[in-house]
Amino acid sequence: MVEPVATSGGISPCCYQHAVTADAIFCGECGKPLLRCMAHEECGGLVGDDGCCNVCVRPQLYLDKDAVTEVKTGGVLVLPLVFYNASGVGRPLFITDVWVREGEGARRRIELPWKRLDAGGSNRLNVQTGALERQGRHGIEITFAAATNYFMREERFCFTSSLSLEVEQGGSLVINQTINSSGIGAGSDTVYAPIRLETQGETRKAAVGGKAAELGLQRADNFEAAQGIRGYTEGPLKGVVVSRGARIVWKGFGPDEAPSGPITTRDGIFAMGRGRSVRFGGDNQIQLLVTDTSGAIDEALSQAISRRHLELFIQSGRLCARVTGQSGVMIGDHKYGADDALAVIGNGDVIRLLPKYPDALTLQVRMRANYGSVEEITITRAPPMPASAVSDGAPR
Amino acid sequence: MKTEQLIVSDPRMLAEFIGPETFKAVFEARYEVPPDHLGLLMRNGQFVEAYKGAHFSVGGLFNQMKGLIGGSTSISVLIADLKTFQSFYDVVATTKDKVDVTGTVVLDLQINPEKPQNILGMMQQRRSLTKEDAAARIRSHGWERVFEAALSRVNANEVRGNKGLQDMMQADLMKECERIAGDLGLMVRAASVNFAVNEVEKQEAARAAAIRETDRLEFEFVTLKRDLEREHETTVFKMNNKTGIDKLSVNNLEDLRRLVLDRDTEFNDARETGLRIAEMKQMSHDIGKVKAAQLAKLEGDIRQATHDGVDLKVVNERKRVIERNTEELDRSHQLALRALERDYDRETRELQRDERRDDREFDREGRKLDRVEQRGNRLEDREDMKVQRREDRDYDHETRERELRTREKERDFGFDGRKKEVDVVDKEEYARLARQRETDKVALDKLKGLAGLEAEQERERLTRRIREADAAHDRDMDQRKLEAQREADRLVLGAKMTPEQILAVNAGLSPAVAKILEEQAKAQAIDKNAQMDLMRQMVEQANRARVSSEEQARAMFNSGMQGAVGVAAGAGGKAGAGNGVAPGEATVECPKCTRVNPAKAKFCVGCGEQLRR
């Protein structure tokens, strides 16, 4: 029996077992919140704090067969790369960017003629190095960004792999490949194929040829934040990434109405609006009604709030919102409607749920970042609901 | 019936009322209004009709009878001149550079044909309106608002021919007129200002005239100067002196006057001669230049040729001397060598000849001695002599041979000696070089000193680090290989699995169990969604029952599992509808959220509350 592999997000097998229960929010074994992939309906996968689903996002990078295996000083190496989507559940990947870095030099962005990578499919890309003038060990770093889409949402991740080449004067470079099995694509038995590069004193052909060699991949989280692929790209939170498991603290609501914690819904969306909350058989996680200071509901203004008015979710390391209400929502200084793209919510932004009545009902967002990661988001309702108005907990 | 023309009574009039007394008559009267005038019929204080280029009838008995019956009617006619008229007046305005500019404003005014009755508003006492009065109404308003305002934007030298300025003033004036008298039936057709010459323009004109005069004078001066120069270059006077040459000496002005006035001296115009002289001088000058140039060129050629010749000669001479010296040296060397060889050969031949001669003599002596011995046998004393001679002869032969050998050795010794001397010199040189090399090496080692030691240590340290890094890399590669192997195994399985099987494997079940569960789900589900929901339930149940083999999975379905799944499949129920608790399984209720959890659960799957430790 093959044990489930512990993923990078530290997801235990017990979590997968309990995630099978549709309405389970926490793992019954370890007590951790179950953070489902946005495409959980298709993949059944869980994500860690980095938001990466190992079922959906499973790229592999190979050095193609018949690759040039010899390089002398002053020579140029062409690396025929093969990108392979190893997702077993038919989820496509989108390779959006590829960068190559030689040694300590700057990264070069490679133009990609293709983008989509279907599950089980592979695409090829030739990457050429500069002239390897210096004798000695040369490091080549290949980094690429892969995106996975589900309906109107997209998560992007960067992966990196590095090669180390030894270039000798008059010598030659030989790639010794050990292929345990073969066959890239078509869902056959593709397995590990380590590559080892070494120099030989005399010119020699590759010991094993005709096989592709897999290059080990690592998540480039630092690069993601630096390039703005994940996390915020401007403002005081520039370079800061919101953790997928960030705890959202709701203030100004009743304690039972909005329990603090990460977003643990099946689709990872935290919905709010005039409609009833899930506790009372509705679809929203939080019910939003306009009240006065005494807690009395202003029915006229509350009617202006749509049943499902706003959806919050964490995407690519940013707290995002999609406006579904007819009257739109003011976030910061911009008004967003149902036809607009996603809105990125930053630290200190005020969400005015009724733009025509800006102070009728607002949500202020505060984030606390520690070491480049936001672990807690505080959303404060204004005006706050008086304790007496929420004590009954009954649907309104 | 006679028709009377209704026009203004005076050309200076713009509009004029014709009162009712004009139209009082017994008989009907006909009036006509020419096309350039407008007749406005006013009856009982109201304008009732306008006539332009038409005629009309008033009065008469019938109307008077009608007036008697129906009451009298007051009729009057306003006659207005529709032609444009011009008004001239002078304005003085200050320009941007504070120069007073005087101009004559020309205004083309006209009664507005669209609303001529409004001109009534400009009339005093409703009698008449002169053109001058109408223009005067605009004049004072236009002064400051238009002319001063427009001229204050330009300099005094920019007003002349400034079409933009004129357009601006016309537009402003039209606007002002429209504002002032627009509703009074007066309109401006055109306006322009004819500016008088201002001070700045006068100054500029004077300056331009002065410049032109200066240019003219300059041109005349240049022309005269050129004529004078030409005259000077070509004119030669010839003096014929009738007196003695001593009288030609001029010491002062008196002498000069005497010389000229006494007519002793004649000045003849020798212009032709002078011209020829000038040409001759020019020619002579040219000849001189050509001569000098050719001479210089010739000298240069000669110098160059001499220089080249000397160089070649010297070089060739030196070459020849060197070649000659070389040849002489070679020849002397060859001669010396041949002399030496000849000497050597001669000495050798002499030695050989001496040896052969000695041998022959020895043989001859031997034969002689043999003969003498044969003869001396007979004589005793001759025997002693023979012995004595033989001893003497042997002694001589040995002595001679020793001498020859000694001489040969001496010659060889001379050669060897010289060779040894050369060898010694070479060896000494080699030894000196070796010592030098040794000294250099020692000095280099000293120079390397501590730096060399440090470099060696650094190299060793780097080598050690490289070895450590290689070892770490190998360990890392092994680890990755292991991980990748596990991942690859998963992939091998995953590639062949369906999403349902992957769901089961991710949940910790074996591939065999996952396959069984999928088969069951396919068999019992009505569609794809229900199949996935069923699969989730089955995986949950299998996990709970700790199903780890194919047999256990089949046994599970044969027992109680089938019922629940069948109900779920038939009803199309949602996955997880039963809170993940199998029927008959021990449960525990969460004290916080009251959710029912399996008794073995450590945490509530609904709120995360810890249920047991």
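A:His309 lies in the loop between helix 4 (299-303) and strand 16 of chain A. In this predicted model, local features need pLDDT of at least 70 and side-chain atom pairs count only at pLDDT 80 or more, while totals for chains, interfaces and linings use all residues. Residues are numbered from 1 along each chain as its sequence is written, chains are lettered from A and ligands numbered from 1 in the order in which they are written, and side-chain values use heavy atoms, with hydrogens and water left out. Helices (H or I, at least four residues) and strands (E, at least two) are DSSP runs, numbered from the N terminus.

A:His309 has a relative accessible area of 0%, so this residue is buried. Buried means under 20% relative accessible area, exposed means over 50%, and partly exposed is in between (1.4 Å probe, protein chains only). The C-alpha atoms of A:His309 and A:Ala338 are separated by 9.4 Å, although the two residues are 29 apart along the chain.

Two strands pair if DSSP finds at least two bridges between them. Strands of a sheet pair through backbone hydrogen bonds, either parallel or antiparallel. Within this sheet, A:Ala271 stands opposite A:Glu311 in strand 16 of chain A.

Further along chain A, A:Gln364 of strand 22 is the bridge partner of A:Val350, and A:Gln364 also stands opposite A:Thr380 in strand 23. The hairpin of strands 22 and 23 of chain A has 2 residues between the strands, and A:Tyr371 takes a positive phi near 55° there.

In chain B, B:Thr3 stands opposite B:Arg30 in strand 3. Strand 3 of chain B (residues 28-33) has a covered face made of B:Ala29, B:Tyr31 and B:Val33, and an uncovered face made of B:Glu28, B:Arg30 and B:Glu32. In a regular strand the side chains alternate between the two faces of the sheet.

| Strand | Partner | Sense | Bridges |
|---|---|---|---|
| Strand 14 (residues 270-273), chain A | Strand 16 (residues 310-315), chain A | antiparallel | 3 bridges |
| Strand 21 (residues 350-352), chain A | Strand 22 (residues 362-370), chain A | antiparallel | 3 bridges |
| Strand 22, chain A | Strand 23 (residues 373-382), chain A | antiparallel | 9 bridges |
| Strand 1 (residues 3-5), chain B | Strand 3, chain B | parallel | 3 bridges |

**Aromatic rings**

Rings of Phe, Tyr and Trp (its six-membered ring) pair if their centres lie within 6.5 Å; planes under 30 degrees apart count as stacked, over 60 as edge-to-face and the rest as tilted. By this rule there are 9 aromatic pairs over all chains. The rings of A:Trp250 and A:Phe270 are stacked, because their centres are 4.8 Å apart and their planes are at 20°. The pair links distant parts of the chain, with A:Trp250 in strand 13 (residues 241-251) and A:Phe270 in strand 14 of chain A, 20 residues apart. Both A:Trp250 and A:Phe270 are buried.

A:Phe83, A:Trp114, A:Phe144 and A:Phe159 form one aromatic cluster. The charged end of A:Arg153 sits over the ring of A:Phe313, 4.7 Å from its centre. For such a contact, NZ of Lys or CZ of Arg must be within 6 Å of the ring centre and within 35 degrees of the ring normal.

Helix 2 (40-43) and strand 14 of chain A, together with helix 8 (499-506) and helix 10 (528-544) of chain B, each give two or more residues to the lining. The largest share, 5 residues, comes from helix 10 of chain B.

Helix 8 of chain B is mostly covered, with 7 of its 8 residues buried. B:Gly508, whose phi is positive, near 100°, follows helix 8 of chain B.
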